[in-house]
Amino acid sequence: MKANKRWRHAAALLLALLVCVSVTAVTAFAHGEIDTARSSSLSVYFGHAGGGFPGAEFSIYRVASVSQSGRFTLEAGFSGYPVNVNGLSSSEWRALAQTLAAYAARDGLSPAYESETNAAGYAGFYGLEPGLYLVTGERYTSEGYVYTPESILVSLPSLTGDDEWDYDVSVSCKYDRDPVPTGTVSRRVEKVWNDGANRYSRPENVTVQLLKNGALADTVVLSDANGWEYAWNGLDAGAVWQVVEYDVPDGYTVSIE
């Protein structure tokens, strides 16, 4: 399925009504090289209207190591996924965070560290190796609302506004705020190809897996016959729904938005 042995981007899988993902990962060069032996820390804030959410569990996964020049290399556990972690645009970084969060949930990957938010809504992670980290958090329910934190990709160290490396990074977790869900919802997936003139090297179909709270709930095949899309109805409104593409064609990378 390769064309001139170059990687092409398979289209983003679009899952209706799922949250978008924020990202703070960077690959730009700062003044001076990264000290890859220096310890880093990460502080994650989760709260609403100035009040922190206590007791919310957050997990971080070390997705990639980083070189002195700022280039990422996927770590074991993530190296088998058909994704690219270098030279991405801001929108591609956001999609990558959601993509990796879905694969990590499906495959039951163990986080590198876990931490609960304190009374002020902060979860701290210390003594971290430099690299690219995926941050995921559990939902928090308060006064009839459920707060769903977005997954985040964070580069340790990260660039400051002065174009210097910061080894002690703080991020504020964005979230969706909705009334406590009841009843059912619908979800739709659409496969969009982004391979330009190489369309004739596409496979006849692709397989997409629907995940419910990280567990496999359904599998569908997308092709020209169904317009490369599918909709699920009557799904549990209280569950977290994600999609992943199974067995991505050779020569393609995948992105989920």
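Guide: Let's begin with a rule: a charge sits over a ring if NZ of Lys or CZ of Arg is within 6 Å of the ring centre and within 35 degrees of the ring normal. Keep in mind that this is a predicted model.

Visitor: What makes Arg 177 a charge over the ring of Tyr 145?

Guide: The charged end of Arg 177 is 3.7 Å from the centre of the Tyr 145 ring, and the cut-off is 6 Å. Arg 177 sits over that ring. Lys 191 does something of the kind over the face of Trp 193, at 4.6 Å from the ring centre.

Visitor: And what is the overall make-up of the chain?

Guide: The protein chain has 23 strands and one helix. Of its 257 residues, 46% are buried. Among contacts with a separation of 6 or more, 76% are between residues 24 or more positions apart. The chain exposes about 12400 Å², with 46% of that supplied by carbon and sulfur atoms.

Visitor: How many aromatic pairs are there, and why is the one between Tyr 45 and Tyr 122 called tilted?

Guide: The whole structure holds 15 aromatic pairs. For Tyr 45 and Tyr 122, the ring centres are 4.9 Å apart and the planes make 45°. Stacked needs under 30 degrees and edge-to-face over 60, so the rest, tilted, is the label for this pair. The pair links distant parts of the chain: Tyr 45 is in strand β3 and Tyr 122 in strand β9, 77 residues apart.

Visitor: How do you know whether Tyr 45 is buried or exposed?

Guide: Tyr 45 has a relative accessible area of 17%, and buried means under 20%, so Tyr 45 is buried.

Visitor: What makes the pair of Phe 46 and Tyr 175 edge-to-face?

Guide: Their planes are at 65°, and over 60 counts as edge-to-face. The centres are 6.1 Å apart, and pairing needs them within 6.5 Å. Phe 46 lies in the loop between β3 and β4, and Tyr 175 in strand β17, so the pair ties together parts 129 residues apart in sequence. Phe 46 is buried, at 0% relative accessibility, whereas Tyr 175 is partly exposed, at 23%. Ring pairs also link Phe 46 and Tyr 175 into a cluster with Phe 53, Phe 58, Tyr 140 and Tyr 147.

Visitor: Which residues touch the most other members of the largest nonpolar core?

Guide: They are Val 63, Phe 78, Leu 96, Leu 100, Leu 132 and Leu 153, in a core of 44 residues. Helix α1 gives the largest share, eight residues. Apart from this core lies another, of 20 residues, among them Leu 42, Phe 46, Ala 56 and Val 171. In soluble globular proteins, nonpolar side chains tend to be buried together.

Visitor: What does Phe 78 contact?

Guide: Beyond its neighbours within four places in sequence, Phe 78 is in contact with Tyr 61, Arg 62, Val 63, Leu 100, Ala 104 and Leu 109.

Visitor: How do you know what span is expected for α1?

Guide: The expected span is 1.5 Å times one less than the number of residues. α1 has 18 residues, and 26 Å is expected. From first C-alpha to last, α1 reaches 26 Å, close to that value. Its buried residues include Trp 93, Leu 96, Leu 100 and Tyr 103. Just after the helix, Gly 108 takes a positive phi of about 60°.

Visitor: Which peptide bond is cis, and what stands out in the phi of Asp 163?

Guide: The cis bond joins Leu 156 and Pro 157, with omega about 0°, and Pro 157 is in the loop between β13 and β14. Asp 163 has a positive phi of about 65° although it is not a glycine. Asp 163 lies in the loop between β14 and β15. Asp 247, in the loop between β22 and β23, also has a positive phi, near 55°.

Conventions. Residues are numbered from 1 along each chain as its sequence is written. This is a predicted model: local features need pLDDT of at least 70, side-chain atom pairs count only at pLDDT 80 or more; totals for chains, interfaces and linings use all residues. Side-chain values use heavy atoms; hydrogens and water are left out. Helices (H or I, at least four residues) and strands (E, at least two) are DSSP runs, numbered from the N terminus. Buried means under 20% relative accessible area, exposed over 50%, partly exposed in between (1.4 Å probe, protein chains only). Contact means heavy atoms within 4.5 Å. Accessible areas come from the Shrake-Rupley method with a 1.4 Å probe; for residues, only the protein chains shown count as cover. Rings of Phe, Tyr and Trp (its six-membered ring) pair if their centres lie within 6.5 Å; planes under 30 degrees apart count as stacked, over 60 as edge-to-face and the rest as tilted. A nonpolar core is a set of buried Ala, Val, Leu, Ile, Met, Phe, Trp, Tyr and Cys residues joined through side-chain atoms within 4.5 Å.
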